[in-house]
Amino acid sequence: MSVHTAPSPQDSLALQQVWRTIHAESCPYDYNFHLHTVSSDGQLQPRELIAQAVKIGLKGLAITDHHSLQGYEIAQDWLQKQSDKRLPHLWTGVEVTSNLFGTEVHILGYAFDPNHPCMSLYLQGNRPEDNSASQVISAIHEARGLVVLAHPERYRRSAKELIPLAVELGVDGVETYYAYGNPKPWKTSIKQTQQVKELSEKYGLFNTCGTDTHGSNLLYRI
């Protein structure tokens with residue numbers, strides 16, 4: 001996908017079209033919507049991350065640093081200077097630590113307007129004091145973005161309990177395809193994936209995928 005024909009990083013309709021095609025084999029070689037850089041708690045420099053994405057042949061991705069867009073901005077700047085090459089498409093992304101009815105969860109925001117004033121609270125590099133899931137979801141939607149509940153089977157409460165609560169607040173999707181643990185090669189966890197997918201189908205949610213990379217290789221989590 002070239003820079004000339006790609007949608008904008010904030011094109012949520014284009015992202016929805018991609019999400020409708022996501023399946024168990026989409027990650028980590030075609031799409032990856034959960035990645036971290038040194039701008040939060042990852043090990044990769046943003047340019048190293050995007051260089052790996054190009055080498056792997058990713059079609060699309062999102063850098064989802066915790067409460068920061070610095071990694072995304074550096075990577076996007078690099079991409080815009082490489083207009084003569086076929087490149088993966090990079091959407092805006094962020095991961096926000098949130099409180100979902102008493103349970104700490106991670107909310108992923110995508111394709112939002114990074115300059116929208118309602119997002120400033122969640123892009124300052126630190127966990128916001130006002131981190132209720134309701135407020136976070138509303139802010140991302142107000143900025144015309146999409147909201148996903150990250151790794152639904154990693155929390156104190158089960159996905160069966162948490163996903164309906166997230167749906168109540170307007171979440172758009174769930175990170176259905178996720179490798180719990182750090183398998184090598186990366187492979188979505190069969191049992192958890194089945195459980196989450198059944199719930200996403202029940203509530204009409206998008207299914208996304210991501211390695212949640214914190215280490216130096218986009219093909220693994222750590």
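Which elements do the buried residues of α2 pack against? They pack against β1, β2 and α3, and that contact is a handy way into this predicted model. The chain holds 6 helices and 8 strands, which follow one another along the sequence as α-β-α-β-α-β-β-β-α-β-α-β-α-β. Its radius of gyration is 16 Å, close to the 17 Å that the globule rule gives for 222 residues, so the chain is as compact as a globular protein of that length.

**Overall build**

- The C-alpha trace spans about 45 × 40 × 30 Å along its principal axes.
- Of the 222 residues, 55% count as buried.
- Among contacts in the chain with a separation of 6 or more, 73% come from residues 24 or more positions apart.

**The parallel sheet**

- An open sheet is built from 3 strands in the order β1-β2-β3, with parallel pairing.
- The edges are taken by β1 (31-35) and β3 (89-91); each has a single partner strand, so one side of each is left without a neighbour in the sheet.
- From one strand to the next, the twist averages 20°.
- Strand β2 (residues 60-63) pairs with β1 over 3 bridges in the parallel sense, and L35 stands opposite I63 of β2.
- Helix α3 (residues 70-80) lies across β2 and β3, and runs at about 150° to β3.

**Helix α2 and its buried face**

- Helix α2 covers residues 46-56, and its buried residues are P46, L49, I50 and A53.
- Viewed down the axis of α2, these buried residues fall within an arc of 90°, so they line one face of the helix.
- The spacing has a simple background: an α-helix has 3.6 residues a turn, so residues three or four places apart point the same way.
- The partners of this face are the ones from the opening: β1, β2 and α3.
- Just after α2 comes G57, with a positive phi of about 95°.

- β4 and β5 run antiparallel and are joined by 8 bridges.
- These two strands form a hairpin with 2 residues between them, and F101 in the turn has a positive phi of about 50°.
- How many of the 8 residues of β5 are buried? The count is 7 of the 8, so β5 is largely enclosed by the rest of the structure.

- Helix α4 runs over residues 133-142, where A133, V136, I137, A139 and I140 are buried.
- Seen down the axis of α4, the buried residues fall within an arc of 160°, so they too line one face of their helix.
- The cover over this face includes β4 (93-100), β5 (103-110) and β6 (146-149).
- Just after α4, R144 takes a positive phi of about 65°.

**Salt bridges**

- The structure holds 6 salt bridges, and a few of them are worth a look in your viewer.
- K81 pairs with D77, with the closest N and O atoms 3.2 Å apart. K81 counts as exposed at 59% relative accessibility, while D77 is partly exposed with a relative accessible area of 30%.
- D113 pairs with R144, again with the closest N and O atoms 3.2 Å apart. D113 lies in the loop between β5 and α4 and R144 in the loop between α4 and β6, so the pair ties together parts that are 31 residues apart in sequence. R144 counts as exposed at 53% relative accessibility.
- R154 joins D212 and R221 in a network of salt bridges.

Note on methods. Residues are numbered from 1 along each chain as its sequence is written. This is a predicted model: local features need pLDDT of at least 70, side-chain atom pairs count only at pLDDT 80 or more; totals for chains, interfaces and linings use all residues. Side-chain values use heavy atoms; hydrogens and water are left out. Two strands pair if DSSP finds at least two bridges between them. Helices (H or I, at least four residues) and strands (E, at least two) are DSSP runs, numbered from the N terminus. Axes are lines fitted to C-alpha atoms, for helices over the stretch in contact, and angles run from 0 to 180 degrees between N-to-C directions. Contact means heavy atoms within 4.5 Å. Buried means under 20% relative accessible area, exposed over 50%, partly exposed in between (1.4 Å probe, protein chains only). The arc is that of the directions from the helix axis to the C-beta atoms. A salt bridge is a side-chain nitrogen of Lys or Arg within 4 Å of a carboxyl oxygen of Asp or Glu. The radius of gyration is taken over C-alpha atoms; the globule rule is 2.2 Å times the number of residues to the power 0.38.
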